[in-house]
Amino acid sequence: MNHVALCGAGVSVETADGNLRTILKPTTVELTEQRIAVIGANGSGKSTLLRLLNSLMLPSSGTVTINGLDTRTQGRAVRRQVGFVFTDPLSQLVMPTPLEDIELSLRRVHKSAPERRSAAAGVLEQYGLGALAANSIYELSGGERQLVALATVLAVQPRLLVLDEPSTLLDLRNSRLLRSRLAALPQQLIMATHDLELAQDCTRALVVDDGAIVFDGPAADAVARYRRMYS
Amino acid sequence: MRGHAHLIAGYVPGTSWLHRSPLWLKAVLLLIVTVLCFATGDVYVTTAVLAAVVVLHFVAGLPPGRLWRPVRLMLVFLLLIGAYQYWQSGPLTAWRVVAGILAAVLASNALTATTTVAALLDGLVKAVRPLRRFGADPERFALTVSLMLRSIPFIIGAFDDVRDAARARGLERNLRARTLPVLIGTVAYARATGEALAARGLGDAEDRRVGGAGD
Ligand SMILES: Nc1ncnc2c1ncn2[C@@H]1O[C@H](COP(=O)(O)OP(=O)(O)OP(=O)(O)O)[C@@H](O)[C@H]1O
Ligand SMILES: [Mg+2]
């Protein structure tokens with residue numbers, strides 16, 4: 001089990017006119033459940049919260065630790081434990097084909113090219129994507145692309161998977177497919193989503209509003225609370 | 001906008017002799033082609049080399065379209081060079097220069113068509129490895145090159161999209177409406193890519209500790 005902790009972690013950014021703007025108020029929270037959703041309106045601070053977990057963003061105050069590793073001073077080690085899936089898989093896939101992209105993920109793990117290749121093929125098979133190995137990533141459907149992006153991150157076996165609106169660009173069928181794939185993963189998942197079905201799959205959910213966590217509890221209650229906020 | 005990958009995305013799967021040859025051999029052949037065309041200055045040699053490259057293309061089982069594509073992209077450029085050389089030095093020189101350029105381009109085309117990007121990267125890593133003691137990081141270098149390759153179709157696609165959008169608004173003659181969005185889109189794309197790489201830990205230096213957090 002992972003121990004993810006924000007301790008007074010807040011984020012302020014400098015705006016164009018030189019003022020400081022708080023986009024996440026100092027937050028203290030421990031995230032240990034296997035499935036945690038983060039819901040909230042556009043611009044409420046969901047992505048900011050998630051980006052702190054992978055040291056993509058550093059807190060301006062307080063600390064963020066993942067299994068005791070401080071994201072500020074041990075960013076590299078943190079990134080090895082925390083996989084991050086973005087909304088748009090095309091911004092995440094770098095190589096022309098799924099196989100090559102997974103090989104890229106595995107460069108640090110396998111030094112020999114043939115080993116790397118067969119390991120990458122194995123990863124694709126494992127996630128049911130073997131048939132797409134040599135296709136151009138540009139020719140995959142949106143759903144296939146997101147599953148490939150997920151596989152490139154899972155290839156290095158992160159202990160924690162953070163997902164920022166993984167189903168936003170997907171149609172109903174593909175977001176259901178993604179949901180079932182995510183449900184089958186052994187890792188801890190923390191995901192921001194506007195997809196309330198996906199949120200309901202979680203055990204715990206945080207509702208974020210205007211840079212602060214305004215509700216924290218069972219997912220069903222969080223979703224109900226979120227619906228009430230906008231009715 | 002991303003449908004333009006086919007312009008560059010080069011690898012044509014196959015099992016031909018050329019596909020199976022090691023990268024270094026292909027690189028040496030490419031070098032020989034280039035040297036023969038540009039160092040000898042002999043029109044017969046150049047013509048023969050061009051013919052050999054074309055034969056090689058088909059021996060490798062590559063489709064004819066793949067031969068024509070780089071030619072089409074460079075057509076205007078080739079015609080201009082050819083016309084200039086014709087005017088300056090006559091038909092033989094014009095042919096020698098154009099054929100030489102064609103041979104070199106088609107040879108590199110054959111190389112990229114028969115080598116996966118992953119294999120190219122491995123080759124680059126090996127080639128740069130001796131520079132390690134001067135502080136080079138071969139993995140990073142290879143990653144940079146692959147990112148560059150990937151960005152080309154994106155930028156071409158962005159130009160097309162923006163042209164269509166400008167046309168839809170009746171602004172097709174407005175230079176700013178046609179270039180500024182490409183610039184902004186490209187910067188946003190570069191940021192998103194950089195961030196995704198950082199998230200995957202791929203930008204991290206392998207054996208040097210970079211100072212500061214969030215390296
Ligand atoms: N690097 C930055 N510089 C300035 N402002 C930022 C930066 N990153 C985020 N913001 C601002 O912080 C606020 C929260 O952004 P964030 O991306 O966390 O929202 P979100 O909840 O993920 O929204 P969405 O649902 O639209 O993805 C927004 O108003 C955004 O404009
Ligand atoms: Mg967001």
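Mentor: Let's settle the elements before anything else: a helix here is a DSSP run of H or I with at least four residues, and a strand is a run of E with at least two. Keep in mind, too, that this is a predicted model. By that count chain B has nine helices and zero strands, so its elements, read from the N terminus, are simply α-α-α-α-α-α-α-α-α. Chain B has 215 residues, and 38% of them count as buried.

Now for the space itself. Rolling a probe the size of a water molecule over the atoms shows where empty space is left. The largest pocket comes to about 690 Å³. Its lining takes in 30 residues, and those nearest the centre are A113(A), A119(B), D122(B), G123(B) and K126(B). Both chains show up when you go element by element: helix 4 (113-126) of chain A gives two or more residues, and so do helix 2 (17-20), helix 3 (23-39), helix 7 (117-128) and helix 8 of chain B. Helix 7 of chain B is the biggest contributor, with six residues. Sort the pocket lining by class and you get 13 charged, ten nonpolar and seven polar residues.

Over to ligand 1, which has 13 residues around it, R21(A), G43(A), K46(A), S47(A) and T48(A) being the closest. On the polar side, an oxygen atom of ligand 1 sits 2.6 Å from a polar side-chain atom of S47(A). A backbone N or O atom of G45(A) is 2.9 Å from an oxygen atom of the ligand, and an N or O atom in the E165(A) side chain is 3.2 Å from a ligand oxygen. On its own, ligand 1 would expose 640 Å², and the protein buries 64% of that. Strand 2 (20-31) and helix 1 (46-53) of chain A are the elements that give the shell two or more residues. Of the two, helix 1 of chain A has the largest share, three residues. By class the shell holds seven polar, three nonpolar and three charged residues.

One last thing while you have chain A on screen, and it concerns the backbone. Most residues other than glycine have a negative phi. Q157(A) has a positive one, near 50 degrees, and it sits in the loop between helix 5 (142-154) and strand 7 (160-164) of chain A. Q157(A) counts as exposed because its relative accessibility, 63%, is over 50%. D210(A) also has a positive phi near 50 degrees, this time in the loop between strand 9 (204-209) and strand 10 (212-218) of chain A. With a relative accessible area of 56%, D210(A) is exposed as well.

Key:
Residues are numbered from 1 along each chain as its sequence is written. Chains are lettered from A and ligands numbered from 1 in the order in which they are written. This is a predicted model: local features need pLDDT of at least 70, side-chain atom pairs count only at pLDDT 80 or more; totals for chains, interfaces and linings use all residues. Side-chain values use heavy atoms; hydrogens and water are left out. A residue is near a molecule or strand if one of its heavy atoms lies within 4 Å of it. A polar contact is a pair of N or O atoms within 3.5 Å; within protein, one must be able to donate a hydrogen and the other to accept it, and residues adjacent in sequence count only if both atoms are side-chain atoms. Accessible areas come from the Shrake-Rupley method with a 1.4 Å probe; for residues, only the protein chains shown count as cover. Ala, Val, Leu, Ile, Met, Phe, Trp, Tyr, Cys and Pro count as nonpolar, Asp, Glu, Lys and Arg as charged, and the others, Gly among them, as polar. Buried means under 20% relative accessible area, exposed over 50%, partly exposed in between (1.4 Å probe, protein chains only). On a 1 Å grid over the protein atoms alone, a cavity is a set of points where a 1.4 Å probe fits but cannot get out, and a pocket is an open set with protein on both sides within 12 Å along at least five of seven lines; lining residues have an atom within 4 Å of a point. Grid points are joined across faces, edges and corners, and a volume is the space filled by probe spheres set on the points.
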